[in-house]
Amino acid sequence: MTRANRPSRLIGLVPLLLLPGCSAAAARTFPVTDDEGLAKAIATARPGDRISLAPGVYAPIKIFQRRIEGTPVIVSGNNARIQAAFIQKSSGWTFDGLTFGGALTTGSRVVGIQDSSDIAIRNSLVHGENLNNDPWDDRGNGIGVRFSERIEIVRNRFRDIYAAFIIGNSSDVRFEGNSIAFLREGTNWASIKKAVIRCNRFSHIYPRFDKNEHPDAIQSWFNTGFGGNEDFLIEGNVILTGGPRAVQGIFLAGAYKPGGEAYRMRRFVIRDNIYFGSSPHGITVAGAEGFVIERNTVLPSPHAQRATAGERSPDGRQSRGFPPPIRVTGDISTGQIHDNVVT
């Protein structure tokens, strides 16, 4: 048999390449118009799929034990509002360009994330029960996270809710480019390992002083048994709280308890942030090691400069103003503070 007449060994392989299941499945798009369709899409989505929501209001959703490996599933929509969402024991989900609000999940969260990983919320609006630029008639938190890792909260707007973002006992978190306004509290971080908090804008924070609320834009503490906060970058945030309310800027608290149990803030950088307000805690760090505080600007508002600022008002909407400092206090070691502008 001549070489020209010899059968090709590749001919027998061609049909195999065309059989279903012999190549990677193409990503699909699920057009969704109602609650039933959304629940079905969540239950059947594969890596790389997109769930596209039509304009409208959708009931609260729960994503439970849906772990997506590799490319995440994207849930997106134009003028689509999900009243609340709870994500538990799941991974590989991205929510992009949505509105979350109007109802609360377990634990008083509009969006709750627990025991999960690789979850992202981007370019979305998160709000409470009443969009009226007055957070006094709203409850709960915008996004709450517990026992999770690799969480991204990026380029979102938070409005009309008690607090924007509450997170505890988690790791590898990015909170970046968000706008936070018309709330009673900013963000709270407890026992977090590795966080980036950068380029966020805080304004119009209205605490209820009649209920002894003391709000912070960025606050950290520790949960007993889970250690302190470590490896933080807090950079480029703008905190504008110049009205007649003493709203704290950046307040990071660690501690060293007798008996050797350490809950210090460790290895963190506070850099290039701007605070304009009237709290005695423009930037405050307590119980820390391995830190850098540099190139921040802490300025008093006109309210802080008035000698006759007065005490808290009976209705709880106004508090006494103070010139805001940068403070480092408590059990402190191995830190640097330089090139800041402060009164």
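Student: Is Arg-159 buried or exposed, and which side chain of opposite charge is nearest?

Tutor: Buried means under 20% relative accessible area, exposed means over 50%, and partly exposed lies in between, with a 1.4 Å probe and protein chains only. For charge, Lys and Arg count as positive and Asp and Glu as negative, while His and the chain ends are not counted. A salt bridge is a side-chain nitrogen of Lys or Arg within 4 Å of a carboxyl oxygen of Asp or Glu. Arg-159 is buried yet has no salt bridge, and the nearest side chain of opposite charge, that of Asp-160, is 6.4 Å away. Please note that this is a predicted model, in which local features need pLDDT of at least 70 and side-chain atom pairs count only at pLDDT 80 or more, whereas totals for chains, interfaces and linings use all residues. Residues are numbered from 1 along each chain as its sequence is written, and side-chain values use heavy atoms, with hydrogens and water left out.

Student: Where does Arg-159 lie, and with which side chain does Arg-159 make a polar contact?

Tutor: Helices (H or I, at least four residues) and strands (E, at least two) are DSSP runs, numbered from the N terminus. Arg-159 belongs to strand β15. A polar contact is a pair of N or O atoms within 3.5 Å; within protein, one must be able to donate a hydrogen and the other to accept it, and residues adjacent in sequence count only if both atoms are side-chain atoms. The side chain of Arg-159 makes such a contact with the side chain of Ser-179, at 3.2 Å.

Student: How many salt bridges does a search of the whole structure find?

Tutor: The search finds 20 salt bridges. One of them joins Asp-118 to Arg-150, with the closest N and O atoms 2.7 Å apart. This pair links distant parts of the chain, since Asp-118 is in strand β11 (residues 117-122) and Arg-150 is in strand β14 (residues 149-154), 32 residues apart.

Student: Why does Asp-118 count as partly exposed?

Tutor: Asp-118 counts as partly exposed because its relative accessibility is 33%. Arg-150 is also partly exposed, with a relative accessible area of 35%.

Student: With which side chain does Arg-122 meet in a salt bridge?

Tutor: Arg-122 meets Glu-152, at 3.1 Å from N to O. Here too the pair links distant parts of the chain: Arg-122 is in strand β11 and Glu-152 in strand β14, 30 residues apart. Arg-122 is partly exposed at 27%, and Glu-152 is partly exposed at 30%.

Student: Which residue forms a salt bridge with Arg-267?

Tutor: The partner is Asp-231, and the closest N and O atoms are 2.9 Å apart. Distant parts of the chain are linked by this pair, with Arg-267 in strand β24 (residues 265-271) and Asp-231 in strand β19 (residues 230-235), 36 residues apart. Arg-267 is partly exposed, with a relative accessible area of 41%, and Asp-231 is partly exposed at 33%.

Student: Which residues are linked in a network of salt bridges?

Tutor: The network links Arg-174, Glu-176, Arg-198, Glu-235, Arg-271, Asp-272, Glu-294 and Arg-295.

Student: What is the volume of the largest pocket, and which residues line it?

Tutor: On a 1 Å grid over the protein atoms alone, a pocket is an open set of points with protein on both sides within 12 Å along at least five of seven lines, and lining residues have an atom within 4 Å of a point; a cavity, by contrast, is a set of points where a 1.4 Å probe fits but cannot get out. Grid points are joined across faces, edges and corners, and a volume is the space filled by probe spheres set on the points. The largest pocket has a volume of about 190 Å³. Its lining includes Phe-209, His-214, Glu-311 and Arg-312.

Student: Which residue has a positive phi although it is not a glycine?

Tutor: Lys-89 has a positive phi of about 55°. Lys-89 lies in the loop between β7 (85-88) and β8 (91-96). At 35% relative accessibility, Lys-89 is partly exposed.
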